[in-house]
Amino acid sequence: MVFQANNQQPATDNQKLKREMESFRTEIENPVVQKEIIELEKKIHLFRGGKIDDERFRSLRLARGIYGQRQEGVQMIRIKLPYGKVTSEQLVRITQVSDEYSTGRLHITTRQDIQIHYVSLDRTPELWADLAKDDITLREACGNTVRNITGSELAGVDVNEPFDVSPYAHGLFQYLLRNPICQEMGRKFKISFSSSDEDTALSYLHDLGFIPKIKDGQKGFKIMFGGGLGSQPAHAELLSEFVPVNEIIPTAEGIIRIFDRYGERAKRMKARMKFLIKEMGRDVFLDLVEQEKKAIAFKTYEIDTTAFDSPIPEPLLEVPQVTIEDTKAYEAWKNSNVIKQKQDGYYAIGIKVLLGDFYTDKARLLANLIKNYGANELRFSLRQNIVIRHIKEENLPFFYQELAKLDFVQLGYNSVGDITACPGTDTCNLGIASSTGIAEELERVLSTEYPQYLNNREIEIKISGCMNACGQHNMSAIGFQGMSINSGKLVAPALQVLLGGGRLGNGAGRFADKVIKVPSRRGPDALRTILNDFDANGSGQKFLDYYDTKGEKYFYEILKPFADVTNLAEADFVDWGNADNYVKAVGVGECAGVVIDLVATLLFEAKEKLILAQESFDEKKWSDAIYHAYAGFVNGAKALLLAENQKTNHHAGIVDLFDTVFIDTNKIELNSTFKDLVYQINKNEPSEAFAKDYIAQAVVFFDKIETFRAQELANA
């Protein structure tokens, strides 16, 4: 069989699509991005025409940041912003896209992305093209991919950091973007870089977490691996106390490759890396990583840091001198929201953003402010806030004045009163009860009734609309999870109250205990009870020590009156932020791509992988070419196994089972076992010669299985 690139449609159709795209892609300088956008447009046409099934198309669009909403017919778009860094030009571009294609609302996520909602699927290629003009991507923002790499928002200015981790987070992001090793894994994969031992990027709950260290004058990282939240949170294990900076990329690649090969693919709830490590054991997993080293193109990989070594730029315009009239309010703001940088004379400004939501009118003014009078950079934080960096001390009054005009000087940045919440039932298919509505009410309670907590940064309150923990409720000191509760024949929105979680630092953390479930409308009273008891009986302890002293049963007893469902009032059946009675409605989640088990689709995908392998080979990307060929082997084998009603839950299982079902029975003849054929990938260096031979063998294999499948269908 002869493989040709882009063979899904006749050439004339491709040319027509390219002409249609021409009007909105002319300013994209990157030919790779141009090709991807054209490919997305083409796949949308095929999907609309019924030529691609829904499951396959879902996987494709998720890997391009296009996520189905709770509301039918519209999409959420997740804009990928590595470690939350944004320039003024990029922020303006995002505002233009939101105004043109969405509603003008920007939502900061707990992974430092920006989400916009209510976007038409048919306009997503044009939207992506507009973003690409300022080097903003949607690639791998959703789906079974390496998600956005997060980082401490103070990285580079943190007074406690050994060195700036930003260039290393950026280098790993660039290396993994579009990398074939992480495009269609069993589940998503999350990576974080903390700036110091305070571990503000939460390494202990990531698949890979990096904490900077200096050993004998050499820069490196302590690495944690195998952590995760969700319904079954798992604390990450220690991979190494110190890995030099030039080894973090090959280390990450080896781990991702093994997760891709052995990770669960059939049982979605068991498909995260934490479950794989638990099943096979840490040492067995790392032995497999060690065996994979030969297949990795680089034993060490030097990350270019020069783009981050420049001095802080001076403002474009002279910063006006202003006189602050309300000095008390100004000093309170400085105490609450201004952070001293490690650079002498410079400060960072924290902006508390309610629920992570702000709007394009203010965003454009903020972009102009940092461009003209700042250092042209801000960062979004894991707590859904904004940080302006590199502001001279003498310019703080001017920034206070200008931010006040935008209502961006609310006190309590990163405090108890700064609540983290996922979108919940507002837009997410999986939302069970409102997280944003209750979060807004709890923030009101804190600001009006507990102002003493607005500078308390020890207690974190986090809320999720379901058990998946996008709001990180199960790692917070006080957490709430959206649920439902039965009262006779009626169903009311409810909250699971969790207590005792938190970040301990240097890769350590603790998960909260599930204490009690209460109707949502009683959430504020539950919070009041907890804080009042802490004030009365905390005895000056830290909150987590106070919780440990009292114990889970103590809190169950003091909250128990709120759990009584025999006395619910009419209002208890209306969720926060809603006017109508609560109806539990949970859709199909798209937090990661759905497993595709259609034989024809898998054969189609196998063919696509071989096309990509040849294209990568022509571009002299030997390692990429080899991995695409490997994926072609596996997808093709899986297709035939599914046709035989065989279970295939991970790549390694597919390889073993194919030998049992087809090779050992002589249904298909190869010159070796299928296992030996496929696992040449980790027995050879990724050279030009091996890439060429491996692709050729993959093409021969595909011809055999395609012929076998055709004969099976003919005899059916």
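## Phe 189 and the cores

Setting aside neighbours within four places in sequence, Phe 189 is in contact (heavy atoms within 4.5 Å) with Thr 145, Val 146, Arg 147, Asp 207, Leu 208, Ile 255, Ile 256, Phe 259 and Met 273. Phe 189 is also among the residues that touch the most other members of the largest nonpolar core, which has 87 residues. A nonpolar core is a set of buried Ala, Val, Leu, Ile, Met, Phe, Trp, Tyr and Cys residues joined through side-chain atoms within 4.5 Å. Buried means under 20% relative accessible area, exposed over 50%, and partly exposed in between (1.4 Å probe, protein chains only).

Helix 18 (residues 622-643) gives this core its largest share, 13 residues. A second, separate core has 59 residues, including Tyr 330 and Phe 398.

## About the model

This is a predicted model: local features need pLDDT of at least 70, side-chain atom pairs count only at pLDDT 80 or more, and totals for chains, interfaces and linings use all residues. Residues are numbered from 1 along each chain as its sequence is written, and side-chain values use heavy atoms, leaving out hydrogens and water.

Gln 384 is not a glycine, yet its phi is positive, near 70°. Gln 384 is buried, at 2% relative accessible area.

Asn 506, also not a glycine, has a positive phi of about 55°. With a relative accessible area of 28%, Asn 506 is partly exposed.

## Cysteines

How many disulfides are there? Counting pairs of cysteine sulfur atoms within 2.5 Å, the number is zero. Cys 466 is buried at 11% relative accessibility, while Cys 470 is partly exposed at 40%.

Definitions and conventions:
Helix = DSSP H or I, 4+ residues; strand = E, 2+ residues; numbered from the N terminus.
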